[in-house]
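Please read it alongside the sequence and the coordinates.

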Amino acid sequence: MKPKETGKVRYAYGVAMALLLGGTAFSIATGPVGAQTAQNAPMAIPPSGAPMSFANLADRVMPAVVNISTKQKVQVRRTVDPLEELFRQFGAPVPQQQQQQQEGRSRETGSLGSGFIISADGYIVTNNHLVQGANGTGTVDEVTVTLTNRKEYSARIIGRDPLADLALLKIDAVNLPFVRWGDSTNARVGDWILAIGNPYGLGGSVSSGIISALHRGITGVGAYDRYIQTDAAINMGNSGGPMFDLAGNVIGINSALISPTGTNVGIGLAIPAEAAKPVIDALRRGEKPERGYLGVGLQAVDEDIASSLGLPKNRGEILRTVQPNQAAAKAGLQQGDVIVSVNGTEVNPDQTVSYLVANTRVGSRIPLEVIRNGRRMTVQVVVGQRPSEEELAQQLGTGDEDAPQQQEAAPASESLGLGLAPITPQIARALNLEGGVAGVVVTSVSASGDAAAKGIQRGDVILAIQGQRVSTPAQVVAAVQAAKRAGRSSVLLLVKRGRSPEGFIGVDISGD
């Protein structure tokens, strides 16, 4: 099974990245006052430094690392035979046996990966993407675990968590070799690590390297977007295998790689033990992992949004939606609020609201620092439990990006480069809008305007501008003029498309 690749760097061919070593300068007691020394100045390597060999460590932990293979039958999409279609048009019957063969065709698919035993009675940790069904739902039909002594066992899936990309398996055996969890919070950049797994089906392969980075985010969202980055060779089939420290403790689960080719280029990623162990413990107890939840839709405060609100960019996240009867709504949070800190921790691209809240104990009461209409305030919120992915999908609904638009257009706003019209019942039906939606529909978009560059389309509905609800084009124009008088170079629009959740878009108004 291929380890996951991150889309945003998948095609980054020929891109070079420079890494700069930095640190805190300190004075030398024997030198001049204020003298500094380089971080990589020559120093004696302590006895606990680079090992002469990893052989003893590998001998100790390899018996607990297993190979995992899966099988699943998937239906093959039926191809249409042109002759069959021709015969059908003229009323010629298709033989029933032939039709059944075509409709019942299937093929067998599978994956290869790694895992490790955490108990003598056969509990095994691996990645969820190894045992998840081929269509992204359900599970595979068969899971086989092979030990280093080549004994094979049929495994049961005890539990899995797609959000954390973790799964817990069980085989029927006793007195098995196993390994214990380590404390990944004590890991440091530069520490040696050992990775063992099943790359390309080559079982029991050992690679070594150092920790290149900690808490590496690769998506910018989610409770588990924090990885241990290593330069140890991580390849297809290493998924689910353990990352060991020099004491032989598991500090990570090898899960993904960043590569333009799909093979190791020195950027492997592992789920830290501090994040993985609570999930595995919950699955072993037969429980659902707990994750904090506010019930909000979030957007980063990018340069345009920050400019429209008079805030520094990349500080805080703005609430584009607030789900009724969830933690945020009960605490009084409102659409358009900007959360700048969670329980005393500043919100920024590295510490997102979703990450901070998801890793907060459910039921705890925490302060959120919020900016509302330019005023800073503190809101106390009781953290809720995150719903299942299916429940979240139902809450978010689906959008129709190709809804028809046919309305009388008001003169285009010169500042926004948009043609606008009020919403009528006929427009609401044509745009597939939910009942009661009030706003102004976009009837035309100037190709040279910033609104077009930001992705605004005909048929989009502007619900509010600068936090003020609008229902007529005149209100939009007035809000733009007010923002100009206030010295704003951009305005913040709240936009809805079909039945998709609304979102904020900052549009430049300085170029007209």
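Strands β7 and β8 pair in the antiparallel sense over five bridges, where helices (H or I, at least four residues) and strands (E, at least two) are DSSP runs numbered from the N terminus, and two strands pair if DSSP finds at least two bridges between them. The model is a predicted one, in which local features need pLDDT of at least 70 and side-chain atom pairs count only at pLDDT 80 or more, while totals for chains, interfaces and linings use all residues. Residues are numbered from 1 along each chain as its sequence is written, and side-chain values use heavy atoms, with hydrogens and water left out.

**Hairpins**

Asp165 counts as buried at 5% relative accessibility, where buried means under 20% relative accessible area, exposed over 50%, and partly exposed in between (1.4 Å probe, protein chains only).

Strand β5 (residues 142-146) and strand β6 (residues 152-154) pair in the antiparallel sense, with Thr144 opposite Ser154 in β6. Strand β20 (residues 365-372) and strand β21 (residues 375-382) are also antiparallel, and the bridge partner of Arg365 in β21 is Val382. The table sets out the hairpins with their turn residues.

| Hairpin | Bridges | Residues between strands | Turn residue and phi |
|---|---|---|---|
| β5 and β6 | three bridges | five residues | Arg150, positive, about 75° |

Asn343 is placed in the loop between β18 (338-342) and β19 (345-346), and at 46% relative accessibility it counts as partly exposed.

The buried residues of α5 are Ala273, Ala275, Ala276, Val279, Ile280, Ala282 and Leu283. They pack against β4 (123-126), β7 (156-161), β8 (166-170), β13 (250-257) and β14 (268-272), contact meaning heavy atoms within 4.5 Å. After the helix comes Gly286, whose phi is positive, near 80°.

The largest nonpolar core has 35 residues, and those with the most contacts inside it are Phe116, Val125, Leu166, Trp181, Phe244, Ile253 and Ile280; such a core is a set of buried Ala, Val, Leu, Ile, Met, Phe, Trp, Tyr and Cys residues joined through side-chain atoms within 4.5 Å. Elements giving two or more residues to this core include α1 (55-61), β4, β9 and α5, and the largest share, six residues, comes from α5. In soluble globular proteins, nonpolar side chains tend to be buried together. Leaving aside neighbours within four places in sequence, Ile280 is in contact with Ile118, Val125, Leu166, Ala167, Leu168 and Trp181.

**Two buried loop residues**

Pro199 lies in the loop between β9 (192-197) and β10 (205-216) and is buried, with a relative accessible area of 10%. Although Pro199 and Asn238 are 39 residues apart along the chain, their C-alpha atoms are separated by 5.0 Å. Not counting residues up to four places away in sequence, Pro199 touches Ser205, Asn235, Met236, Gly237 and Asn238.

Ser239 is in the loop between β11 (227-230) and β12 (242-244) and counts as buried at 1% relative accessibility. The side chains of Ser239 and His129 are joined by a polar contact of 3.1 Å, that is, a pair of N or O atoms within 3.5 Å of which, within protein, one must be able to donate a hydrogen and the other to accept it, residues adjacent in sequence counting only if both atoms are side-chain atoms.

**The protein as a whole**

The secondary structure comes to 12 helices and 28 strands, and of the 512 residues 43% count as buried. Among contacts between residues at least 6 apart in sequence, 63% join residues at least 24 apart.
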